[in-house]
Amino acid sequence: DVDMILLATSTPNNTFPASAVDIQHRLGMKHGAAFDLQAVCSGFVFAITTADNYIKAGSAKRILVIGAETFSRILDWEDRTTCVLFGDGAGAVVVEACPAEETAYIGSHLGSDGKSTDILHVPVGGTAEPLTAENMNDGRQYLTMNGPEVFKQAVTMMAAAATATVDESHLTADQIRW
């Protein structure tokens, strides 16, 4: 019954193929599309919004949206400023078309800020600086974070996105239950 699988993850099993196609195969699904979406902390929100847009466009009727991370693989367990904040976990929902009056989803307001990539990142391991025998144990293969700056930006941006979503949906904050 599922037309598509969207997997939000920053820690896929492989660079490619997408981990979503492995899930598709394991479910015995031989139709539809399956792909990974990488947006780190915002990944699940981006995936839900992507699913909503596919459904609104008529490209899919039922989409399995999964958020899954294995951050334990990229954490420095000696760095107590990060390892206590990140972990492994997964969750999934099925998003499907329904009449507007039956949905609890009112929308989203997505945004990105590329100027701040240095405040939360894994310096080594991508194509810009591949993981090598020389840099494998220098600590740069782990997640690094400027915690106070990440917190400040997250709180500011999340509040602005929530307000924009409510405004764009022509609602007031007191009409929101969750």
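How many aromatic pairs does a search of the whole structure find? The search finds 2 aromatic pairs. Rings of Phe, Tyr and Trp (its six-membered ring) pair if their centres lie within 6.5 Å; planes under 30 degrees apart count as stacked, over 60 as edge-to-face and the rest as tilted.

Before the tour, two notes on the model. This is a predicted model, in which local features need pLDDT of at least 70 and side-chain atom pairs count only at pLDDT 80 or more, while totals for chains, interfaces and linings use all residues. Residues are numbered from 1 along each chain as its sequence is written, and side-chain values use heavy atoms, with hydrogens and water left out.

**Stop 1: the aromatic pairs**

Select Phe35 and Tyr54. These two rings form a tilted pair, 6.3 Å centre to centre, with 50° between the planes. The pair links distant parts of the chain, 19 residues apart: Phe35 is in strand β2 (residues 33-37) and Tyr54 in helix α2 (residues 43-56). Helices (H or I, at least four residues) and strands (E, at least two) are DSSP runs, numbered from the N terminus. Phe35 has 25% relative accessibility and counts as partly exposed; Tyr54, at 30%, also counts as partly exposed. The cut-offs are under 20% relative accessible area for buried, over 50% for exposed, and partly exposed in between (1.4 Å probe, protein chains only).

Next, select Phe71 and Phe86. Their ring centres are 5.5 Å apart and their planes stand at 45°, so this pair is tilted. Both residues are in the loop between β3 (62-70) and β4 (88-96), 15 residues apart, and the pair links distant parts of the chain. Phe71 and Phe86 are both buried.

**Stop 2: the salt bridges**

The count here is 7 salt bridges. The rule asks for a side-chain nitrogen of Lys or Arg within 4 Å of a carboxyl oxygen of Asp or Glu.

Return to helix α2 and select Asp52 and Lys56. A salt bridge joins their side chains at 2.9 Å, N to O. The two residues are 4 apart in helix α2, so about one helical turn separates them. Is Asp52 buried or exposed? Asp52 counts as buried because its relative accessibility is 15%, whereas Lys56 is exposed, with a relative accessible area of 62%.

Then select Asp113 and Lys115, whose side chains meet in a salt bridge of 2.7 Å, N to O. Asp113 counts as partly exposed at 26% relative accessibility, and Lys115 counts as exposed at 68%.

For another salt bridge, select Glu129 and Arg140, where the closest N and O atoms are 2.7 Å apart. Both lie in the loop between β5 (120-121) and β6 (144-145), 11 residues apart, and the pair links distant parts of the chain.

**Stop 3: a pocket**

Finish at the second largest pocket, with a volume of about 370 Å³. On a 1 Å grid over the protein atoms alone, a pocket is an open set of points where a 1.4 Å probe fits, with protein on both sides within 12 Å along at least five of seven lines; lining residues have an atom within 4 Å of a point.

Helix α2 gives the most to the lining, with 4 residues.

Conventions. Grid points are joined across faces, edges and corners, and a volume is the space filled by probe spheres set on the points.
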